[in-house]
2 protein chains.
Amino acid sequence: MNRLSLNQWTTKRWTVAEAVDGCVRHGVGAIGLWRQDVAEQGLDETVKLVQAAGLRVSSLCRGGFLTGSDPLPDNRRAVDEAAELGASCLVLVVGGLPGVVPGEPLGAFSRDLAGARDRVAEGLAALAPYAAEQGVRLALEPLHPMYCADRAVLSTLGQAIDLAEPYPPEVVGVVVDTFHLWWDPAVLGQIARAGERIASYQVCDFLCPLPADVLLGRGMMGDGVIDFAPLNRAVAEAGYTGDIEVEIFNADVWAADPDTVVTTMKARYAELIA
Amino acid sequence: MNRLSLNQWTTKRWTVAEAVDGCVRHGVGAIGLWRQDVAEQGLDETVKLVQAAGLRVSSLCRGGFLTGSDPLPDNRRAVDEAAELGASCLVLVVGGLPGVVPGEPLGAFSRDLAGARDRVAEGLAALAPYAAEQGVRLALEPLHPMYCADRAVLSTLGQAIDLAEPYPPEVVGVVVDTFHLWWDPAVLGQIARAGERIASYQVCDFLCPLPADVLLGRGMMGDGVIDFAPLNRAVAEAGYTGDIEVEIFNADVWAADPDTVVTTMKARYAELIA
């Protein structure tokens, strides 16, 4: 239980201050933060809050979107923020096809998937030295293939490791997120291959049927179709000993009382993950 | 243009007789049929219709669902029907997690994904000899990973080839469907690896954003995010010279006048596929 981390968007109604307070009250030792909420609370204020609470910052979400135009300045700022917060990693969601805007009808965009993947590699090459200087670990997050066009052209763990391999593991790691990867017939072998590159283990369930907005198909562990045991075991056997973050985007969870959500999260974590 | 095939569900409002007539009127030389529609028309009647029209039957959809209970009897009937129709292949959609019903809330079901995949291999081993006897080629269709839980635990082309490899290519082939596979970073190499195992090339686009029912996210070529050229080229270079079937599940396409749909299909096929 001491490795459990609350990703702040699991209790989306809470501000950073409220989420930090919630972690303390519920005995959760780590928190995953989101940049826009940190900005609202104030970066300095957030640093003070998490330090006063004695919380670890298991991740900062998120940098990336490397397929867009001029992605470096904002990613450097994200690295700076992660350094200030002492976050274990900065999660990178690499971006979809250039010009595709999530949730909006297609406008002018590029269908060049291979080219978009090349841009991700180039963007990473430009960002990694800066992250290394600041002592921030970048964490490449492969997203479920249903988000390939609009959110991340990085679709499998194997592809993420390929992308990370030119860099030292402490500079570029990978995120293992059960929702995104559970279906992959190669996933257990790729988790073993990732080894010390695993920068974050994020857990939540895959709902079936999916809701109308597929972004909100993440469910509380036990409410969906994922068999967590083999994934937990593979991540442990790969040597990962860091925080395990529960990150749920879900209309019902967001509508519920956050204290109830955290109580359920702890129970499900104890039953299915720990 | 002489390799273009109309999958019957692209013009879902048409009966088999109407679709056969539509192919003839529009100069489309092949048709992909669905078992339930063939049953409605009558199997013998359908055989007469396609023969009289001089159409090739590029595929029969579908057998499979090998993760369910007692799948063999119905799959043997599907093989018989494919033989009667002289179909180039019987498409197998292998089924999801045992007990998960597409479109329905989760009831009693199994989360054992690895076990479900084993059941598919066992079901195929039981079915393949019968198909070989009847001279019917089975075609394993990997489905997009978003359907892994409820429709097909077969999620990548590489996995489909692994499953097919114990059998002669003329007994067990694979389906290359652009909608299901476009995102896969390994797809071009796996198409080359598939070679003479490619039993069917199905084309349609991947819509973005996805509609509320993700099953209906298949769009007319050019209306979505897929770059068809590299996939067309890979399939050609792999040696596939068979029919190219347009299969679209889409509420707007289904609501449109079928003759208009076929006209658009021919134009888009000429522009993006041929």
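About 30 Å³ of space lies in the second largest cavity, where a cavity is a set of points, on a 1 Å grid over the protein atoms alone, at which a 1.4 Å probe fits but cannot get out. This is a predicted model, in which local features need pLDDT of at least 70 and side-chain atom pairs count only at pLDDT 80 or more, while totals for chains, interfaces and linings use all residues. Residues are numbered from 1 along each chain as its sequence is written, chains are lettered from A in the order in which they are written, and side-chain values use heavy atoms, with hydrogens and water left out.

The lining of the second largest cavity, meaning residues with an atom within 4 Å of a point, includes B:Thr10, B:Lys12, B:Trp254 and B:Pro258. Helix H10 (251–255) and helix H11 (258–272) of chain B each give at least two residues to this lining; helices here are DSSP runs (H or I) of at least four residues and strands are runs (E) of at least two, numbered from the N terminus.

Among the 17 residues that line the largest cavity, B:Arg62, B:Val93, B:Leu143, B:His180 and B:Phe249 are the closest to its centre.

Pockets are open sets of points with protein on both sides within 12 Å along at least five of seven lines, and a volume is the space filled by probe spheres set on the points, which are joined across faces, edges and corners.

|---|---|---|---|
| Largest pocket | about 430 Å³ | 24 residues | A:Leu113, A:Arg117, B:Asp184 |
| Second largest pocket | about 320 Å³ | 19 residues | A:Asp184, B:Thr156, B:Ala186 |

Helix H5 of chain A gives the most to the lining of the largest pocket, with six residues.

Turning to the two chains, chain A can be laid on chain B with an RMSD of 0.0 Å by a turn of 180° and a shift of 0.0 Å along the axis, after least-squares superposition on the C-alpha atoms of residues with pLDDT of at least 70 in both. That is the relation of a two-fold axis, and in chain A the C-alpha nearest the axis, 2.0 Å from it, belongs to A:Ala212. Of the interface residues of chain A, 100% are also interface residues in chain B, so the copies meet through the same surface, with contact meaning heavy atoms within 4.5 Å.
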